[in-house]
Amino acid sequence: MKALQYREIGAAPEVVTIADPEPGPGQVLLAVTAAGACHSDIAVMDWPAEGFPYELPLTLGHEGVGTVAALGSGVTGLAEGDPVAVYGPWGCGTCAKCAEGKENYCLRADELGIRPPGLGAPGSMAEYMLVDDPRHLVPLDGLDPVAAVPLTDAGLTPYHAIKRSLPKLVPGSTAVVIGTGGLGHVAVQMLRAMTAARVIALDVSEDKLALARTVGAHEAVLSDALAVARVRELTGGRGAQAVFDFVGAAPTVKTAAAVAAVEADVSIVGIGGTPMPVGFGHLPFEVSVNAPYWGSRVELFEVLDLARAGAVSVHTETYSLDEAPLAYERLHAGKINGRAVILPNG
């Protein structure tokens, strides 16, 4: 089969031909319909050789949907041809967090060497992929595969972040979304669908701000030196009750801290890696800062239900598998407005 692999530290990903996988006991083989390209993949490919956490070559893609192509022995509840989405943050399935469906916070994944597809395990940017357990598959139930595939991360991750802050997003409140690309433009829609908050979107790109307005942001503000003052002006000087930073770089983390209100939640979702100083005098009183990761299995069901209700849709650009390296080039250059989706069998 054809697959997009990261094969050498510092090199561009390549489309190669590798052996077709076969499902072992308890596994499911999918014919991949669509796979999403994410900035996390670029972060993996930018990682220096020292401390690189995965074995190469690595088939990329941690967002995937497909149809069941074959079942390993012992698998029940699925049939060949079933259209499904892949829940990406695989865990052990037996620890306390996995028992809650929070495999994104599995307590034993590192110990057992369990990796998500595309982030250590072979991913979805291939004609076929192996899923380690049927519990990691969620029925599409009529959703279009191209529209649904980004929801497995670009939908699930902001949903998880927003859900924990719902008690603060009451009428009269404000939510600020920093970075309105693949995840951020979905977050804007979720905030509009799930809360009564006023939504202010920040980005350095006018194209992405235009997308934020299109999907429901009440205000779209250029993320420059005047952004903090503008947000404070829009909130009557109080700031926002919830701030979601989908970048995590030094300028955005600084902005997130500066626009937070007293008792606000600040969620650093982006993987830019810049820490936020926390302590008396650094932030308004009783601000809570968190760094959420992906989401739970039950939350993926909820995200797909939001999509079926028409409350969330992802702006997508589609590419063939042969065009996947180009998609990553465009993503790295900031030229993807929304989410790039690869069609391995398209």
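Predicted model: local features only at pLDDT ≥ 70, side-chain atom pairs only at ≥ 80, totals over all residues.
1. **Aspartate 265 and its setting.** Aspartate 265 belongs to strand β13, which spans residues 260–268. Its relative accessibility is 6%, and because buried means under 20%, aspartate 265 counts as buried. Beyond the residues up to four places away in sequence, aspartate 265 touches Arg164, Ser165, Lys168, Gln241, Ala242, Val243 and Ser288.

2. **Polar partners of aspartate 265.** With serine 165, the side chain of aspartate 265 makes a polar contact, side chain to side chain, at 2.8 Å. With lysine 168, aspartate 265 forms a salt bridge in which the closest N and O atoms are 2.8 Å apart. Lysine 168 sits in the loop between α5 and β9 while aspartate 265 lies in strand β13, so this pair ties together parts that are 97 residues apart in sequence.

3. Together with Phe280 and Phe285, Val262 makes a nonpolar surface patch of about 420 Å².

4. **Salt bridges across the model.** Side chains of opposite charge can pair when their charged atoms come close. How many salt bridges does a search of the whole structure find? The search returns 16. Among the residues involved, Glu103, Asp133, Arg135 and Arg297 are linked in a network of salt bridges.

5. **The pair of aspartate 153 and arginine 339.** The side chains of these two residues meet in a salt bridge, with an N to O distance of 3.7 Å. The pair links distant parts of the chain, 186 residues apart: aspartate 153 is in the loop between α4 (145–148) and α5 (156–163), and arginine 339 is in strand β16, residues 339–343.

6. Glutamate 111 counts as exposed, since its relative accessibility is 59% and the term applies over 50%. Arginine 108 has a relative accessible area of 32% and is partly exposed.

7. **Strands β9 and β10.** Strand β9 covers residues 174–178, and five of its five residues are buried. Both faces of β9 are covered, with Thr174, Val176 and Ile178 on one side and Ala175 and Val177 on the other. Strand β9 runs parallel to strand β10 (residues 198–203), and five bridges join the two. Which residue of β10 is the bridge partner of isoleucine 178? The partner is leucine 202. Strand β10 is itself mostly covered, as five of its six residues are buried.

8. **An open sheet of three strands.** Three strands form an open sheet with antiparallel pairing, in the order β2-β1-β4. The edge strands, β2 (14–17) and β4 (58–59), each pair on one side only. Four bridges connect β2 with strand β1 (residues 2–6) in the antiparallel sense. Within this pairing, alanine 3 stands opposite valine 16 of β2.

9. **Alanine 85.** Strand β6, residues 83–86, contains alanine 85. The relative accessible area of alanine 85 is 0%, so the residue is buried. Which residues is alanine 85 in contact with, leaving aside its neighbours within four places in sequence? They are Gly64, Val65, His136, Leu137, Val138, Leu140, Thr152 and Leu304. Proline 150 is 65 residues from alanine 85 in sequence, and their C-alpha atoms are 9.9 Å apart in space.

Definitions and conventions
Residues numbered from 1 in each chain as written. Heavy atoms only, no water. Buried < 20%, exposed > 50% of the residue type's maximum accessible area, 1.4 Å probe, protein only. Polar contact = N/O pair within 3.5 Å; in protein donor to acceptor, adjacent residues only side chain to side chain. Contact = heavy atoms within 4.5 Å. Patch = residues over 30% accessible without salt bridge, like charges linked within 9 Å, V, L, I, M, F, W, Y side chains within 5 Å. Areas by Shrake-Rupley, 256 points an atom, 1.4 Å probe, with all protein chains shown as cover. Salt bridge = Lys/Arg side-chain N within 4 Å of Asp/Glu carboxyl O. Pairing = 2+ DSSP bridges.
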